[in-house]
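Visitor: Could you take me through a close look at a single part of this model, with the cut-offs spelled out as you go?

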Amino acid sequence: MTTKIEAVLDALFQPPPDWPTIGDLNLAALFDAELNEVGALAGTHDLLAVLPEAFIGQSREEREGALRKIEEENPLGFATMLAHASNVYYSAPGVLQKLEQTHGYPARPPLYVGYELSAFDDNLLEPQKKTANTLFREV
């Protein structure tokens, strides 16, 4: 059964025919988790609460029209939702794999291949900690 979030994400992303869809990737839970992590979950759900009850069963064109209306009425909320939806979709392993196959974009973390980073030495932060403690000590 499709949820409202899945229907919204499906309306936002129209991948090429051979690319994974929102439903294929089960991204609704990841989308909610990301929104929750940044404190935007309640706002996004409030934003989507104005969608019609029949939204899930509507055609793609009808769903896009309903989302355009939300975008017109709340451009900042819509932009926030779209940014997080894009982040979730384009970081999904299936999408990264397609990007690599199609465009040669490497589906790996953005660090130099073959280089190992040494462990971070927390002692390097001591001067900054002392300054912060001096400036922001409780009075």
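Guide: A salt bridge here is a side-chain nitrogen of Lys or Arg within 4 Å of a carboxyl oxygen of Asp or Glu, and for charge, Lys and Arg count as positive and Asp and Glu as negative, while His and the chain ends are not counted. The model is predicted, so that local features need pLDDT of at least 70 and side-chain atom pairs count only at pLDDT 80 or more, whereas totals for chains, interfaces and linings use all residues. Residues are numbered from 1 along each chain as its sequence is written, and side-chain values use heavy atoms, with hydrogens and water left out.

The part to look at is Glu34, which lies in helix H3, residues 28–37 (helices are DSSP runs of H or I with at least four residues, numbered from the N terminus). Glu34 is buried (under 20% relative accessible area, with a 1.4 Å probe and protein chains only) and yet has no salt bridge, the nearest side chain of opposite charge, Arg60, being 20 Å away. What the side chain of Glu34 does make is a polar contact with the side chain of His84, at 2.8 Å (a pair of N or O atoms within 3.5 Å, where within protein one must be able to donate a hydrogen and the other to accept it, and residues adjacent in sequence count only if both atoms are side-chain atoms). Once neighbours within four places in sequence are left aside, Glu34 is in contact (heavy atoms within 4.5 Å) with His84, Asn87 and Val88.

Conventions:
Helices (H or I, at least four residues) and strands (E, at least two) are DSSP runs, numbered from the N terminus. Buried means under 20% relative accessible area, exposed over 50%, partly exposed in between (1.4 Å probe, protein chains only).
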